[in-house]
Number of protein chains: 2
Amino acid sequence: MTGLTRRDFEALDRADTLRPFRERFVLPEGVIYLDGNSLGAMPKETAARLQQVAAQEWAEGLVRSWSRAGWIDLPLRIGAKIGRLIGAEADETIVADSTSVNLFKLLAAALPLRPGRKIILSECTNFPTDLYIAEGVAALLGCRLELVEPEALDHALCDDVAIVMLTHVNYRTGRMHDMAGITRRVQAAGALMLWDLCHSAGAVPIDLTGAGADFAVGCGYKYLNGGPGAPSFLYIARRWQDRMILPLTGWLGHAAPFAFEAQFRPAAGVQRALVGTPPILSLAALETGVDLMLEAPMPALRAKSLRQFELLAALMDEALAGCGFDIVTPRDPDRRGSQICLVHQHAWPIAQALIARGVIGDFRAPDILRFGLTPLYLGYAELWDAVAILKDIMAAGAWDRPEHHARAKVT
Amino acid sequence: MTGLTRRDFEALDRADTLRPFRERFVLPEGVIYLDGNSLGAMPKETAARLQQVAAQEWAEGLVRSWSRAGWIDLPLRIGAKIGRLIGAEADETIVADSTSVNLFKLLAAALPLRPGRKIILSECTNFPTDLYIAEGVAALLGCRLELVEPEALDHALCDDVAIVMLTHVNYRTGRMHDMAGITRRVQAAGALMLWDLCHSAGAVPIDLTGAGADFAVGCGYKYLNGGPGAPSFLYIARRWQDRMILPLTGWLGHAAPFAFEAQFRPAAGVQRALVGTPPILSLAALETGVDLMLEAPMPALRAKSLRQFELLAALMDEALAGCGFDIVTPRDPDRRGSQICLVHQHAWPIAQALIARGVIGDFRAPDILRFGLTPLYLGYAELWDAVAILKDIMAAGAWDRPEHHARAKVT
């Protein structure tokens, strides 16, 4: 028994030092949004910033804005800002392309740094696009992708492993890897370490420098609130930057992009990982999201996220006992990100029934209900209400209606 | 002597059936914009569309908009629309990534279709990023990039050429290739043909199907008015689609992206060339630009572009005689795109002096002044005024001031 009432959750909201950040977002009425780990909410400033970029920088400034409005600097400028969220130096991160494309660039460029080694090692529960991209790189470069269970990683670290690619926080379970420990063991085995931070950037404290990581990628549209399909970021530890030949040798990665030289000469530093002309509208929205995130102290965000998880888990344990749910996210705070995931054999229709009642979480095949905790804008009383609605749906059997069983194109 | 006066140009504007399209764009006061071939102007509807996507689809719809607002369909939907501008079937074009990334995908996937052949053939005056990317692909796959003068292309078509990559309209001179003729000769030599349409999509009539082209890429931010860094498009002739293994095997190119299968299975058709999550804000702006372009009949656009070139060339011949300019764009209408390019040994400071007077063209290293003709929004009287200003700058020696010699980061 938690002994807690909705009043307790309201009191937590009143005492929440992060509460003012909620007012910085546009959030729809009647919705409890627990899917900010799939698509973050929109900061109020983003709409204004987009209008400024469109009406002033593009329409009035026209092509001059590449210099005057600093468009050409956005990939490095936003990269440096994201660097502060992931424990990188200012010259180790860029924003460019999608996470998938960035994974390709890093994997293909990293393999030659470990000549003779032929294995990309990952875990079978990694996010599919990471595995697909690694599969493609392996096929292209005559290597192979080896997949193991997370517990078997250490055992699989043989002399033939060139690089280990892991997602810091698992998308389906929320389980978080020990970044420093794994990086150390991987490097001790002579391999390189690439972290996918899609579900951890802006969600948990990250210290790539402290962990000694070699490479990282991550996504702008989840906890960074950068907008749908926001460009991705890419991190290369300084020690590797000038030794890497990126496979996608586009003009913005050239040492002198506007000299229009006939041959490719890589730019110094992480800039060489740029490829083509960046999508400015999407970058501008991303920068606004990142700026807002940087205003909030990460320790406070993390503390609120952990507390929200504990309260939500306790409420669920109590309210949903006997309903067939199993919380698969680790209860140990050091081993989880900022989401709570439940297995249920009817996860799909339950997720749809929740959405119909205004509680937006998501479903991950085959049987996972996933709820993201985004302490920048998620309140405590909302947690109470979400569990009350879920309890109601289960008690009334309201999830078991034909309309909730229909499958959507996008899940 | 042209015998023309400004009144004649004003009369041409009044008689111009395309003139109403100019009102559909936001154009700054006091500017004559001759750089729409670098960054197209902003359609008025784009600002409204961006607000709709931000404030309604993203902020209110949140993650549901991937289905409900059709975000997931944008890459194919906009691709089909662009297909109408380039003579493609509706299922042969997608919008994704940057031109550079798309070139990489196509080159790397095309080479295995011609096993044993080891050459990517292009011309030395191609746009640098095309050459850089080809250089990168060649290094990665153990092939080589061979560059020749345009006139030597036929001669270079030996048995070892796997693919020929050419830009339809040259970025520096505006010279246009004979797409159908070259494609026929390339294919007769057993090679594949890839066209870069960056400077021709939306600028000249294109018939990829009629020409029998194999592959194409192009850019959304020039004549398509899709916004700064708008995503690129990629065309694969239907006959090749299911035989190509794209090197960047991201989740959106999977046959069932949301099934989260462990192994990559390419989607049927051109969809397999998708990689990561697309930048929706930038895509929405691009779609607005493409929709507007589709309202205008291409024959009328082409006729106006040709006429504007001829008038501009005649005015320049007359007004700038003895000033050291040389028009390098072919006078033959069948051999040029929609721009006029002049060589001058002081091209850089002249371009800057023009910009200072509100005439925005651009400079291309080492000595080219480039003026884009965008008949959707460019008027005739503006041409008269631009030449008058250029004449004035040359006569007064106003280009030769210190501030015009300073080099910018972006040119």
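Through which surface do the copies meet? The interface residues of chain B are, to 100%, also interface residues in chain A, so the copies meet through the same surface.

1. Basis. This is a predicted model, in which local features need pLDDT of at least 70 and side-chain atom pairs count only at pLDDT 80 or more, while totals for chains, interfaces and linings use all residues. Residues are numbered from 1 along each chain as its sequence is written, and chains are lettered from A and ligands numbered from 1 in the order in which they are written.

2. Symmetry. Chain B is superposed on chain A by a rotation of 180° with 0.0 Å of shift along the axis, at an RMSD of 0.0 Å. The two copies are thus related as by a two-fold rotation axis. In chain B, B:Ser282 has the C-alpha nearest the axis, 2.8 Å from it. The superposition is by least squares on the C-alpha atoms of residues with pLDDT of at least 70 in both copies.

3. Interface. Contact joins 73 residues of chain B with 73 residues of chain A; two residues are in contact if their C-beta atoms, placed from the backbone, lie within 7 Å. Elements of chain B that give two or more residues to this side include α3 (44–58), α6 (99–110) and α12 (280–295). The largest share, 8 residues, comes from α7(B). The side of chain B that touches chain A divides into 46 nonpolar, 19 polar and 8 charged residues. Here Ala, Val, Leu, Ile, Met, Phe, Trp, Tyr, Cys and Pro count as nonpolar, Asp, Glu, Lys and Arg as charged, and the others, Gly among them, as polar.

4. Fold of chain A. Chain A has 16 helices and 15 strands, taken as DSSP runs (helices H or I, at least four residues; strands E, at least two) numbered from the N terminus. The radius of gyration of chain A is 22 Å, close to the 22 Å that the globule rule gives for 411 residues, so chain A is as compact as a globular protein of that length. That radius is taken over C-alpha atoms, and the rule is 2.2 Å times the number of residues to the power 0.38. Buried residues make up 56% of the 411 residues in chain A. A residue is buried if 20 or more other C-beta atoms lie within 10 Å of its own, exposed if 12 or fewer, and partly exposed in between, with C-beta atoms placed from the backbone.

5. Helix α9 of chain A. In α9 (residues 179–188), the buried residues are A:Met179, A:Ile182, A:Thr183 and A:Val186. They cover an arc of only 100° around the axis, which puts them on the same side of α9(A); the arc is that of the directions from the helix axis to the C-beta atoms. A:Gly181 and A:Ala188 are exposed on the other side. The cover over the buried residues includes β7 (161–167), β8 (192–196) and α10 (208–211) of chain A. After α9(A) comes A:Gly190, with a positive phi near 85°.

6. A sheet in chain B. An open sheet of 4 strands runs β11-β12-β15-β14, with antiparallel pairing; strands pair if DSSP finds at least two bridges between them. The edge strands, β11 (326–327) and β14, each pair on one side only. Within β12(B), 4 of the 5 residues are buried, so this strand is largely enclosed by the rest of the structure. B:Asp326 stands opposite B:Val343 in β12(B), and B:Ile327 has B:Leu342 as its bridge partner. Between β12(B) and β15 (residues 368–372) of chain B there are 5 bridges, with B:Gln339 partnered by B:Gly372.
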